[in-house]
Amino acid sequence: MILIKGNEAPSFDLFATPDQRLKLSDLKGRRVILAFYPSDWSPVCGDQMAIYNESLKLFHKLNAEVIGVSVDSKWCHMAFAQNRSLHFPLLSDFEPKGNVSRLYGAYNEIEGQSKRALFVIDEEGVIQWSHLSPDGINPGADGIIEALEKLDNS
Amino acid sequence: MSKLKPGVSTKDHHTGNVKAPIILVEYGDFECPHCKHAHKLMKRLLKEWGDSLHFVFRNFPLREIHPNAYPSAIAAEAAGRQNKFWEMHDLIFENQSAINPDFLIMLAKQIGLDLVQFKEDMQSNTILKKIDMDFESGIRSGVNGTPTFFLNGAYVSTYDESYESLANAIQDKLQEV
C-alpha cells in the first residue's frame with residue numbers, strides 16, 4: 001500500500017541530472033508533488049509528464065513543485081526530458097534500485113519499476129494527499145490541483 | 001476523470017443547435033493528429049445529428065510538444081472576434097500539416113478577415129487569457145490528453161476514435177434526457 005495523508009514524507013537524495021542531486025529537504029517551505037511513474041518513453045508516462053509540463057504555471061501558482069521519479073538512469077531521464085522539453089526534474093531511483101519508491105509503497109516488485117503513484121507533500125514535509133493509479137491509466141492533474149487548493153483553504 | 005468544470009457558458013464557442021438536449025464538449029489541440037481525426041467525426045456528427053446536437057470546442061494546446069498548437073488556438077480565437085471562429089477552426093484542422101505563423105495569416109485572408117484587426121487580435125492579452133482559462137478548466141476536469149470529450153458535462157470514457165463510439169454515447173444520452 002502507498003503512504004497516505006498524515007504520513008511524514010520519507011526523505012530522499014537522488015540524481016536529478018548526471019551531476020546534480022536533489023534532496024526532499026532542499027524543497028522545504030515549498031509544496032512538492034511527487035509523481036512516481038513506471039518508465040520513461042512509455043506512451044502513458046509520456047502523456048502524463050506532458051500534462052504536468054503544461055500545468056507548471058498552475059502548480060507554481062499554488063506554491064508547488066512537481067518532481068517525477070522512476071527507476072530509469074540519469075542519462076535516460078536526460079534524453080527523455082530533452083526529447084519532450086520537460087521543465088521539471090526527473091529523479092533516478094536507480095541505485096539501490098527502487099529504494100525510494102519502496103519507501104513510499106510505490107514499487108512494483110514483479111515488473112521492477114515504480115508504480116504510478118502521486119503524492120502531495122506540504123511545506124512541512126507531511127503527505128497531504130496520495131493516489132495510486134493503474135499502470136495503464138494516466139491520472140491527469142485534477143486530483144493534485146484539488147488537493148493543493150484544499151491546503152490553501154485549510 | 002469525471003465532470004466538466006466549469007460548465008458550458010456564453011464564453012465558449014458554440015455550433016450546432018444551441019438549444020439541443022445534448023451538449024458535446026471537446027478539449028482539443030490544433031496540432032494533435034488525433035484531434036484532426038476527431039474533427040472529421042465531428043463534422044459527420046453535426047451533419048447526421050443536426051438539431052439534436054450542440055457542440056463546444058475548448059482549447060487544450062500542448063505547447064511544448066506541439067509548437068504550432070498555441071499560435072493556431074490564438075488564430076482561431078482572433079478569427080472568433082470577427083465571428084469566424086469555426087471557419088478558422090475547420091481550416092486549421094484541414095491543413096494541419098501545413099500550419100505555421102505565415103500560413104495562419106493566409107488562412108485569415110482566405111476567409112475574408114480584416115487582416116489589420118486580425119494581426120492586432122493575435123496579440124490580445126484577453127485572447128491569451130481565454131486560452132489559459134480553457135486549458136485550466138481542462139486540467140480541473142481531468143483532461144489528460146487530446147481529444148477529450150464531455151457529454152452534458154460527463155466525461156466520455158468510451159471514445160475509441162470511432163464514429164460509432166461517439167454516436168452511441170450520444171444515443172444513450174438522448175434516451176436519458
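A: The secondary structure of chain A comes to five helices and nine strands, where helices (H or I, at least four residues) and strands (E, at least two) are DSSP runs, numbered from the N terminus. This is a predicted model, in which local features need pLDDT of at least 70 and side-chain atom pairs count only at pLDDT 80 or more, while totals for chains, interfaces and linings use all residues. Residues are numbered from 1 along each chain as its sequence is written, and chains are lettered from A and ligands numbered from 1 in the order in which they are written.

Q: Why is chain A called as compact as a globular protein of its length?
A: The radius of gyration, taken over C-alpha atoms, is set against the globule rule of 2.2 Å times the number of residues to the power 0.38. For the 154 residues of chain A the rule gives 15 Å, and the radius of gyration is 14 Å, close to that figure, so chain A is as compact as a globular protein of that length.

Q: What makes strand 3 of chain A largely enclosed by the rest of the structure?
A: A residue is buried if 20 or more other C-beta atoms, placed from the backbone, lie within 10 Å of its own, exposed if 12 or fewer, and partly exposed in between. Six of the six residues of strand 3 (residues 31-36) of chain A are buried, so the strand is largely enclosed. Both faces are covered, with R31(A), I33(A) and A35(A) buried on one side and V32(A), L34(A) and F36(A) buried on the other.

Q: Which strands pair with strand 3 of chain A, and in what sense?
A: Two strands pair if DSSP finds at least two bridges between them. Strand 3 of chain A has six bridges with strand 4 (residues 64-70) of chain A, in the parallel sense, and L34(A) stands opposite I67(A) there. With strand 8 (residues 116-121) of chain A, strand 3 has five bridges in the antiparallel sense, and F36(A) stands opposite A117(A).

Q: How do you know whether A75(B) is buried or exposed?
A: A75(B), whose place is in helix 2 (residues 69-81) of chain B, has 29 other C-beta atoms within 10 Å, and is therefore buried. Leaving aside neighbours within four places in sequence, A75(B) is in contact (C-beta atoms, placed from the backbone, within 7 Å) with M88(B), I92(B), L104(B), A108(B) and M122(B).

Conventions. Two residues are in contact if their C-beta atoms, placed from the backbone, lie within 7 Å.
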